[in-house]
Amino acid sequence: MTFDLFEHLEPPEVVRENLAPGAVILRHFVLPQARTILAQVAAVVKCSPFRHMTTPGGYGMSVAMTNCGDYGWVTDRQGYRYSDEDPLTGKPWPPIASLLYQLAVAAAEQGGFSDFQPNVCLINRYAIGAKMSLHQDKDEKNFTYPIVSMSFGLPAVFQFGGLSRSDTVQKCLLTQGDVVVWGGASRLAYHGILPVKAGHHPDTEDCRINLTFRQID
Ligand code: SIN
Ligand code: FE2
């Protein structure tokens, strides 16, 4: 299949920042497609709206979430899991748009992970003050595939640590179009997002949007 990811656009100048073995920031990797991607997110949200999920411990998450793909990540009092339908609508999640899929695969490849076929895209919306505490992504059946994370809108500080919660964390500011890929020796690294600072972004107004792609089986 030929698919021009940069149709009508110059490929971005990608700057790599190595975080750890298996983990890299690809600065501006999806900057040329940012507005198109945000429009695709808006289309997903029309079918499967953003919602604040509840942790198994009963806390409401500050980040609003939805998904597209064959499965979506959900949490409620019953626990964290992947579901093939949106519990809010009772319908399948909307599909991952082709451009998004291709970009996630291309980013994984740049990060050193070929054969990535994501079947989940978790979409996070951070209002000002929203955060994600340090955690590991470990609800997937298979850790051989990386996590590919794309950021849009308001900047946020991404914390990236080691395999123990107490390991020191690197702090990296992620801005629109930045992609982080972590897998291999870093697949179970602790990571999180500090509370998003007040601001305004021309494409998202007062929020940050983050997409994480996974291949869960
Ligand atoms: C996540 O860890 O699921 C989200 C990370 C981010 O928002 O950058
Ligand atoms: Fe995560």
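**Exercise 1.** Work out whether Asn210 is buried or exposed, and find out what surrounds it.

*Solution.* Step 1: Asn210 has a relative accessibility of 5%, so it counts as buried (buried is under 20% relative accessible area, exposed over 50%, partly exposed in between, using a 1.4 Å probe and protein chains only).

A quick note before going on: this is a predicted model, where local features need pLDDT of at least 70, side-chain atom pairs count only at pLDDT 80 or more, and totals for chains, interfaces and linings use all residues. Residues are numbered from 1 along each chain as its sequence is written, chains are lettered from A and ligands numbered from 1 in the order in which they are written, and side-chain values use heavy atoms, leaving out hydrogens and water.

Step 1: Look around. Setting aside neighbours within four places in sequence, Asn210 is in contact with residues including Tyr126, Ser149 and Met150 (contact means heavy atoms within 4.5 Å).

**Exercise 2.** Which nonpolar core is the largest, and which element gives the largest share of it?

*Solution.* Step 1: The largest nonpolar core has 32 residues, and Ile37, Met150, Leu211 and Phe213 have the most contacts inside it (such a core is a set of buried Ala, Val, Leu, Ile, Met, Phe, Trp, Tyr and Cys residues joined through side-chain atoms within 4.5 Å).

Step 1: Elements that give two or more residues to this core include helix H1 (34-47), helix H2 (98-110) and E13. H2 supplies the largest share, six residues.

Step 2: Now zoom in on Met150. Not counting residues up to four places away in sequence, Met150 touches Ile37, Leu211 and Phe213, among others, and also Asn210.

**Exercise 3.** Find which residues are the protein donors of the iron ion (ligand 2), and say why the arrangement is irregular.

*Solution.* Step 1: The protein donors are His135 (NE2), Asp137 (OD) and His191 (NE2), 2.1 to 2.2 Å from the iron ion (donors are N, O and S atoms within 2.8 Å of the metal, or 3.2 Å for Na, K and Ca; water is not among the atoms, so sites may look incomplete).

Step 1: Along the chain, the donors follow the spacing H-x1-D-x53-H. His135 in strand E7 (residues 132-135) and His191 in strand E12 (residues 191-193) are 56 residues apart, so this pair links distant parts of the chain.

Step 2: Check the angles. The four donor atoms subtend 88 to 176°, which makes the arrangement irregular (four donors count as tetrahedral if all angles lie between 85 and 135 degrees; four count as square planar and six as octahedral if opposite donors are over 155 degrees apart and all others between 65 and 115; anything else is irregular).

Methods
Helices (H or I, at least four residues) and strands (E, at least two) are DSSP runs, numbered from the N terminus.
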